[in-house]
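Here's a quick briefing to read alongside the model. Have a look at the structure first, then work through the points below.

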Amino acid sequence: MSVTTAATPRTDSPRTESPASESTLQTLRRGLALSPELRWGLAGTLALALLATAGRVAVPVAVQLGIDHGIRAAGGPDMEVLTLIAAVTAGVLVVTVACTYLMNVRLYRVSETALAGLRARTFRHIHDLSMLHQQAERRGSLTSRVTSDIDQMSQFLQMGGMALIVNTGQLVIATAIMLIYSWQLTLVVYAAFAPLVWLVRHFQRRLGAAYSLVRRRVGTLLAAISESVVGAEVIRAYGVRERTRRRLDDAIERYRVAQFRALQISVFTFSAGELTAGLANAAVIVTGVLLGVDGDLTVGELTAFLFLVALFVQPVQIATEVLNEAQNAIAGWRRVLDIIDTAPDVADPGEAGRDLPPGPIGITFSHVHFAYPGGPEVLSDVDLTIPPRTRVAVVGQTGSGKSTFAKLLTRLMDPTRGEVRLAGIPLTDVRFSSLRRRVVMVPQDGFLFDDTVAANIRFANPDLSDDDLYLAFCELGLEDWLDSLPAGLRTQVGERGEALSVGERQLVALVRAYVANPDLLVLDEATSAVDPATEVRLARALDAVTRGRTTVAIAHRLSTAEAADEVIVMDKGRVVQRGPHAVLVAQQDSVYARLHASWLEQTRSS
Amino acid sequence: MTPRAVIARGLRVLGYAIREQPAIFAVAVLGSVLFGGMTVGSAYVVGAVIGQVVVPAFAENRVTVGALALGATAIFGVSVIRVVGIFGRRLGAGAMQYRLQASYRRRITRRYLELPLAWHRRHQTGTLLSNANSDVEAAFVPIAPLPFAVGTLVMLVGAVGAMYATDWVLALIGTAVFPAVFGLNVMYSRRMSPRATRAQRLRAELSAMAHESFDGALVIKTMGREAEETARFTARADQLRDALISMGRVRGLFDPIMDALPNLGTLLVLVLGGWRLSNGAISVQEVVSVAFLFTVLAFPVRAIGWVLGDLPRSVVGWERVQAVLAARGDTTYGERSLSGTGPVELTFDNVSFHYPANEAVDIADTDEDGERLGPPVLQNVSFTVPPGRTVALVGPTGSGKSTVAALAARLMDPQAGAVRLDGVDVRELSADALAATVALVPQIPFIFDDTIAGNVALDRTTPEGTPLAEDNQRVWDALRLAQADGFVAELPQGVATEVGERGTSLSGGQRQRLTLARALAGRPRLLILDDATSAVDPRVEAAILRGLRESDLSATVLVVAYRRATIALADEVVYLENGRVVAHGTHSELLARVPGYADLVTAYEQQEAERAYEQTLNEQRVGDMDEQDEVTA
């Protein structure tokens, strides 16, 4: 079944997409299963909808009765009958209004509550997906999973979903009454509408394609705008405004053309419905007159029938419009469901898992291999043990696999083969609540949230007072830097921390990791943009405060390696050397010796 | 803004829109009027067919084929004309809406390209994206139903007129019901307006929060803060839910009332029509026509409500769009270009620079435009890089080095002092002259969603006038000099390989080398490297630096650096601390004279020396203890 294949994460591509072949009905079933809240009080809402629909046919019936028994009553218009009919119908209308109101309120409350829940679940699930998954998707498209996709569903459920039910009801009731008045005329109406069904199906397919083109064009447009905004500096520095403008104009124009194309198809569909209505009316008049002449029909009945045809046309027209929107909403819903159905490949063992034992943490890699999906192996047969309380530096050229090593160690990814153990426990058995508290990694790009310095550090430990925060800066020897900020701890860091320099962002990220107080600290080139004096000062301070804990530092500045207890040298995905700096550097013509010679040349020569 | 003011402002926005696309609007309104006219007409045609064809036929039990055919044709004909109207109205409205959107998107994105970087720094990427996308869309949402609404107004006037022509009593019903429907619509949009604005704001906040959270997913994951983030998100999602439900209540009440009003009209027509009929004032046919009129008008009247209901959203969107269009402070370029070829002289003459004030920060100064300024980043910076020389800019983290680099490339202008190239103030140079002269390689590489060759060439042309991207020799030369030829050659399609959004398929070091190649390909006369090789391995960096020195690239170079090797490449060093030039001279002079500089560049040696010293101390201590042990033993 296609549902199950969609739920299984595929290995060839981390992107989440279900086969386009999944039918609308399958998506709806999958969606309802995931949002059981949508069924709350559905029976009551449907009952109200039925009453509300019944009210709609009241007026045509009143017109028929009014004409036949009031206006054209034998002996001139009968005012009493007319007044009675009007009064009863007005009463029915009032009840209809009340029922519709109640139905609407229930509908809005249930659907918005269900969708808010779905939003939150999707949001959480995106965070639970592995880093690989997250990186494979554009940030913008992840955001639209919890915003515009769900907004579209809400519109559809409220406008479309209920409209579809109400209008189907209206269609059924209109048909029933039409049958009561005249089965022949009803047949005529259905015959007139039959080709429309085929036509609408045909247009729907084309419309679906047109809308998916529109969505792709929006994606391109957003990417182009975002490139022009994020790359503003480079665009200016290289004087390539003209090129950027051309690309933007092109994306804007293509979007417009796609939108208009979709509209054209939609108008064609609508017009077909309109023409059919005209045809039906004309056919009803002709047939009605022929029947009436034979005495099978009264003038009132024929007039009422024309009203009923209008009642019949309306739901058909609304249905074609709703189906257009449904295409979009269903596609959005499918995208949301695909995210939710993607099982996180790096999953929290939860209750079944274990906590890391207290105390310092040792690390074991047993024959670990890793390859990105569809890529070559980037880590091969890494087999090593790092005893607790060791300070280890991992060095190697770009692409040697040292960052991958850090990601496997912190379980941002799982090895394709082999096993990583912390404190003797397989990493896959460690509860995330324990893992994330005890093991902290500082990535190279010190991502900061658009808030104050203090808030960014409290992210790791919300209970800290301002004094605690200041103390943390002091302990790392960064109080001078903090004092130089315009508003100290209250300084706003800007979007992604961009109000600070790259090096300053790394300082804040480091303090943030430090206050998390981990037993295993992993630094992935965490100070690559900091000046040497500050880096050395920081390294000393970190040394002092992390003494007795395990630290793994990925570095291409070899000063870190010189200070470490042990250096692990990686080359082309393999560990090629291990040992203290002094020993490794003495091994002539080794990878480390070459790296170190180049480092010396870089930092010492004058 | 009060709801009344919102409606007034929204109608003005519609006015601007109509003035921009008058022809297409006219088509749409014509279509709408045609549609409306035929809608009213259909009621009368039905009435006429009933009165002239059906009633006589039923009375005489005889069919006049001609009359019947005429009646049927009239009914179908009216439908055909209505469809023509629908085409005009909907395609016209759509074309107008989409053209306006495209036009304003072009205007906004042009502003993004013209506005200064200081302005960009003050605005979040997400906000700028939604200004160009959803705000533009929101501004012109009411355009879609506008022609329908205008046509409906015309139709209503026509319908009431037709009623008066039929019978004044029945016309009075129309005169009462239609204004009531209109009034109800106004009331609706006034109730809706504050709620819609609130929901829109909450939606934008939710979106910004989600975007940032996914951007920082790695930090959240490594710190295990998923539950707290979800709680933060859920709180906002719940606020949005409540706002949407509150909108739903209003809509849920008004919708059925608006449906019911015309129906009540029909019932009134029935009763009063019966009374007028008994007085002999009108015919059955006329009663039927007027009753039918109310039924067919019930739906179009809603269009007025759609327009009014969308106005608040439109106003909010329009104002955000206008804020971008009205933003000032464009970088204005001069007319001058630099004469000659070869390296240029770079001069900083008493340059001071502040970023615009951050709202959360109290300390503020104002510049001549009255804009609030933040604390100074650079103060009275003066130095000269003679043509062809290489100067290293050295200083601690946060001392203002990147700001100097950005000012030298004229990405920003200083509040005081001047930056000159060959003695010419950079503000007097044309944009082309500037781009041809200076190349900046930023600290964080920016890669376009294009091929390798496209990223290196960036649509520039060679001095011979041919596109740079087609000059394989120059592209490869630049890649080789940037030590990027190796990995590019290994890519499946070489320089024609697409690198994806932001170059995600490349590593950090590869991205840096690619941006360096981009700078070198333009053969700049002033090359600015802002710590541009931080993610590159020491050995690769050494090779790059050697290549630069040995190449025939004759450029003045300003390089932000920490590494000794990079500094060694420089003829002189400018040392910055806290935004001031503390010292200027050769490396050895500064090493001897400036303690801060010496600390910075010899940090690693000092560290090593200290470590060696500590080690000796430890060994001694251990030795001492051994001796003591021996003594006590």
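Chain A splits into domain 1 (23–181 + 329–343), domain 2 (183–296) and domain 3 (352–447 + 503–604), with the bounds coming from an automatic or database domain assignment. Bear in mind that this is a predicted model, where local features need pLDDT of at least 70, side-chain atom pairs count only at pLDDT 80 or more, and totals for chains, interfaces and linings use all residues. As for bookkeeping, residues are numbered from 1 along each chain as its sequence is written, chains are lettered from A and ligands numbered from 1 in the order in which they are written, and side-chain values use heavy atoms, leaving out hydrogens and water.

**Domains**
- In chain A, the centres of domain 2 and domain 3, taken over C-alpha atoms, are 56 Å apart.
- Chain B is assigned domain 1 (3–326) and domain 2 (385–413 + 428–601).
- The centres of those two chain B domains, again over C-alpha atoms, are separated by 56 Å.

**Confidence in chain B**
- Chain B has a mean pLDDT of 85, with 95% of its residues at 70 or more; pLDDT is the predictor's confidence in each residue, from 0 to 100.
- Watch residues 359–370 of chain B, where the pLDDT is below 50. Beyond near neighbours in sequence, this stretch has 22 contacts in the model (contact means heavy atoms within 4.5 Å).

**A sheet in chain A**
- An open, mixed sheet of 6 strands runs in the order β6-β7-β8-β3-β9-β10 in chain A. Strands are DSSP runs of E, at least two residues, and helices are runs of H or I, at least four, numbered from the N terminus; two strands pair if DSSP finds at least two bridges between them.
- β6 (439–442) and β10 (574–579) of chain A each have a single partner strand, so one side of each lacks a neighbour in the sheet.
- β3 (residues 391–396) and β9 (residues 566–571) of chain A pair in the parallel sense over 5 bridges, and V395(A) sits opposite V569(A) in β9(A).

**The A–B interface**
- Contacts link 163 residues of chain A with 168 residues of chain B.
- The two chains, A and B, bury about 15600 Å² between them, 66% of it on carbon and sulfur atoms; buried area is the accessible area (1.4 Å probe) that two parts lose on being put together, summed over both.
- R236(A), Y238(A) and Q602(A) supply 5% of the area chain A buries against chain B, more than any other three residues.
- There are 8 salt bridges across the interface of chain A and chain B (a side-chain nitrogen of Lys or Arg within 4 Å of a carboxyl oxygen of Asp or Glu).
- R82(B) makes a salt bridge with E274(A), with the closest N and O atoms 2.4 Å apart.
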